[in-house]
Amino acid sequence: MSYQITDTKGVTRLNPDHKTMVAVLKELRKRSTNDDDAFPEAVLTHGSGWAISATRKGTAILEIPGEADSIYVLKRLEPDEVINLWQQLAMGNLERIRALPWVRTDGP
């Protein structure tokens with residue numbers, strides 16, 4: 001199944017390899033919070049519609065189609081943990097991702 005990554009400049013790349021994922025995350029992590037032209041996160045989206053966004057400070061946000069009223073969050077992740085999440089999503093390991101200790105919060 002296909003997947004894509006969108007970086008802090010809004011550029012989307014189809015089926016990125018590990019090296020590209022690492023580069024996108026590094027760019028995100030070095031961005032200043034004052035960069036008005038930058039997106040505040042990078043996101044990997046799977047063809048199933050599942051998406052994992054990463055913030056500069058190491059928070060991952062899981063979005064699942066059909067569950068728009070809920071947000072699933074993991075905080076204080078190391079860069080390699082975010083890359084692992086993205087790789088699991090790219091491989092379609094949805095059940096493995098779902099089994100992680102996400103904190104569910106209700107959306108707006």
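I count two strands as paired if DSSP finds at least two bridges between them. For the elements themselves I take DSSP runs, numbered from the N terminus: helices are H or I runs of at least four residues, and strands are E runs of at least two.

**Ground rules.** I am looking at a predicted model, where local features need pLDDT of at least 70 and side-chain atom pairs count only at pLDDT 80 or more, while totals for chains, interfaces and linings use all residues. Residues are numbered from 1 along each chain as its sequence is written, and side-chain values use heavy atoms, with hydrogens and water left out.

**Entry: β4 and β5.** I began with strands β4 (residues 51-55) and β5 (residues 60-63), which pair in the antiparallel sense over four bridges. I found I52 bridged to L62 in β5.

**Entry: the whole sheet.** Which order do the strands take? I read β2-β1-β3-β4-β5-β6-β7, an open sheet of seven strands with antiparallel pairing. β2 and β7 (103-106) are at the edges with a single partner strand each, so one side of each has no neighbour in the sheet. Neighbouring strands are turned by 20° against each other on average, direction ignored; the axes here are lines fitted to C-alpha atoms, for helices over the stretch in contact, and angles run from 0 to 180 degrees between N-to-C directions.

**Entry: around β1.** I looked at both partners of this strand. β1 and β3 run antiparallel, joined by four bridges, and Y3 has H46 in β3 as its bridge partner. β1 and β2 are also antiparallel, with three bridges; here T6 stands opposite T12 in β2. Their hairpin has five residues between the strands, and in it G10 takes a positive phi near 85°.

**Entry: helix α2.** α2 lies across β1 (3-6), β3 (41-46), β4, β5 and β6, at about 25° to β3, with contact meaning heavy atoms within 4.5 Å. Among its buried residues I noted V82, L85, W86 and L89. Buried is under 20% relative accessible area, exposed over 50%, and partly exposed in between (1.4 Å probe, protein chains only). G92, with a positive phi near 80°, follows α2.

**Entry: R76.** Is R76 buried or exposed? I have it as exposed, at 72% relative accessibility. R76 is in the loop between β6 (70-74) and α2 (79-90), and its phi is positive, near 55°, though it is not a glycine.
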